[in-house]
Amino acid sequence: MAVTITFLGAAGTVTGSTYLVSDGKTKVLVDCGIFQGDRLWRERNWDQPAFNTSEIAAILLTHAHVDHIGMLPRYHKLGLTAPVYCSPATADLAQLLLLDSGRLQEEEASYRAESGRSRHHPPLPLYTEADAQESIRQLRPVAINTNVAVHSGISARWSPMGHILGACSLSLSLGGKQIVFSGDIGRYGEPVLLDPQPVTMGDLLLIESTYGDRLHSKNRDVHDLLADIINKTTRRGGVTLIPSFAIGRTQTLLFYLRELKAAKRIPDIPVIIDSPMASDATLIYQHHRDEYDPQARELLSRGFQPFQVPKMHFIRGRDESIALNSIQEPMVLISASGMLTGGRILHHLKHRVSDRRNTVLFVGFQPPGSRGDWLKRGNPSLRLFGEEVPVGAEVAEISGLSAHADRDELLRWCRSCSGTPTRVGVVHGELDSARAFASTLTTELGWSTFVPAYKDTVTI
């Protein structure tokens, strides 16, 4: 039986991961992500779905980042009511992220309406917090490392991938075919979570390529780089401002900061996490210990909490967040969102990016055309809330803190798996990165590869 896959996101770009899979009788979605970064991609979030929402039998999620789940409330609003299957930790984290995304959508629309800074009249949210609340009722957590029947004649298996808590690859069986979706592949030897787990290949592999054309810096240890940046900024009397995903990246940062303070490699300055979601996510990380690696479990056995840092403060209220702007003493200030697409980090940037004492430290991928990419390119000003704000702060980056595997780690996972995929679609990467990694897979492993474009359909 022929099976078709239509690439509705993460094709030619990193964000918007969405795949429509059909065996001719039944249609399922794998991931349901929102587009971020460049305006041309973001505007596609408003397009009508390229499918009839009532015909979708199931949605299968690889993990809880919004570029993989963020369209669920909008599609629900448009009539998609199918069950949403995912790992237990993904279900817990998705509730946080979707509710937060709905709030941010409403706040952004409200701000633009009040300030008159919108091309649309009136500016509307893509969806609301109430829409998000309705959509999370569709979540159906399933056991990992277990074959799960998600619909008649369709089964799936989730295998841990170490990207964030709950992140999994997905092996989907339907119409006599097997498709492996790598999801986002994590790092090897990173703290807290298990390494990416191998799977058995089938008729088609769809593999991410966020860093498919480069290697993470291995010249220096992450501890050294993080300590140097914080110490240098502190000596200037500045603030180390870190845009960070509330889920995954923030917890990894807390792990490293705990170790640096314990070793007295950085001063005992306050560590402020200005993100209610990061606070809640950290509690979820503490609950799902079954995904911890041996190092994290050994810490727990000795009575240490992996994410507990001296002088750590979680900020929840808006007034508390605003009050941070008046603090001039050195501190580490972590705030979402990691890609500078919205949230409290934008307000902190507006108040601190002009001060030469401060450092803006990127610890994750910044899509081309995004605010983060603009800063990294050394531009003299940054547009925030309709104003051009001069950039005086140092801009630094630690790519080794990325939760995405680099080229060699992607290859390592491929080599660890059983069997050879008949075809390989290289997705979830900017075009140059995807093409480079497709070429690497052909050269190194002899695999038959292709790089799909947005809305392409392939048949297996």
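## Helix 9 and its buried face

Which helix do the buried residues of helix 9 pack against? They pack against helix 7, residues 249–262. The model described here is predicted.

Helix 9 covers residues 294–301, and Ala-296, Leu-299 and Leu-300 are buried in it. Viewed along the axis of helix 9, these buried residues fall within an arc of 100°, so they line one face of the helix. An α-helix has 3.6 residues a turn, so residues three or four places apart point the same way. Pro-294 and Ser-301 are exposed, on the other side of helix 9. Just after helix 9 comes Gly-303, with a positive phi of about 85°.

## Helix 7 meets helix 6

Helix 7 also packs with helix 6, which spans residues 222–235. Two packed helices are described by the angle between their axes and the distance between the axes. Here the angle is about 75°, and the axes are 10 Å apart. Angles of 65 to 115 degrees count as roughly perpendicular, so helix 6 and helix 7 are roughly perpendicular to each other.

Which residues make the contact? Helix 6 brings Val-222, His-223, Leu-226, Ala-227 and Ile-230. Helix 7 brings Tyr-256, Leu-257, Glu-259 and Leu-260.

His-288 sits in the loop between helix 8 (276–287) and helix 9. Is His-288 buried or exposed? Its relative accessibility is 10%, so His-288 counts as buried. Setting aside neighbours within four places in sequence, His-288 is in contact with Pro-88, Ala-89, Asp-92 and Leu-165.

## Aromatic pairs

How many aromatic pairs does a search of the whole structure find? The search finds 9. One of them joins Phe-7 and Phe-450. Their ring centres are 6.3 Å apart, with 80° between the planes, and the pair is edge-to-face. Phe-7 belongs to strand 1 (residues 4–7) and Phe-450 to strand 21 (residues 449–450), so the pair ties together parts that are 443 residues apart in sequence. Both Phe-7 and Phe-450 are buried.

Phe-51 and Tyr-75 form another pair. Their ring centres lie 5.2 Å apart and their planes stand at 80°, so this pair is edge-to-face. The pair links distant parts of the chain, 24 residues apart. Phe-51 is in the loop between helix 1 (39–42) and strand 4 (56–60), while Tyr-75 is in helix 3 (residues 72–77). Phe-51 has a relative accessible area of 10% and is buried. Tyr-75 is buried as well, with a relative accessible area of 10%.

Ring pairs also build a cluster. Its members are Phe-7, Tyr-19, Phe-181 and Phe-450.

## Charges over rings

Arg-44 places its charged end over the ring of Trp-41, 4.4 Å from the ring centre. The charged end of Arg-412 sits over the ring of Tyr-188. Here the distance to the ring centre is 3.9 Å.

## A threonine in helix 14

Thr-440 lies in helix 14, which runs over residues 431–445. Why does Thr-440 count as buried? Its relative accessibility is 17%, and buried means under 20%.

Which residues does Thr-440 touch, beyond its neighbours within four places in sequence? Thr-440 is in contact with Arg-407, Leu-411 and Leu-445. Thr-440 and Leu-411 are 29 residues apart in sequence. In space they are 8.7 Å apart, C-alpha to C-alpha.

Key:
Residues are numbered from 1 along each chain as its sequence is written. This is a predicted model: local features need pLDDT of at least 70, side-chain atom pairs count only at pLDDT 80 or more; totals for chains, interfaces and linings use all residues. Side-chain values use heavy atoms; hydrogens and water are left out. Helices (H or I, at least four residues) and strands (E, at least two) are DSSP runs, numbered from the N terminus. Buried means under 20% relative accessible area, exposed over 50%, partly exposed in between (1.4 Å probe, protein chains only). Contact means heavy atoms within 4.5 Å. The arc is that of the directions from the helix axis to the C-beta atoms. Rings of Phe, Tyr and Trp (its six-membered ring) pair if their centres lie within 6.5 Å; planes under 30 degrees apart count as stacked, over 60 as edge-to-face and the rest as tilted. A charge sits over a ring if NZ of Lys or CZ of Arg is within 6 Å of the ring centre and within 35 degrees of the ring normal. Axes are lines fitted to C-alpha atoms, for helices over the stretch in contact, and angles run from 0 to 180 degrees between N-to-C directions. Angles under 35 degrees count as roughly parallel, over 145 as roughly antiparallel, 65 to 115 as roughly perpendicular and the rest as oblique.
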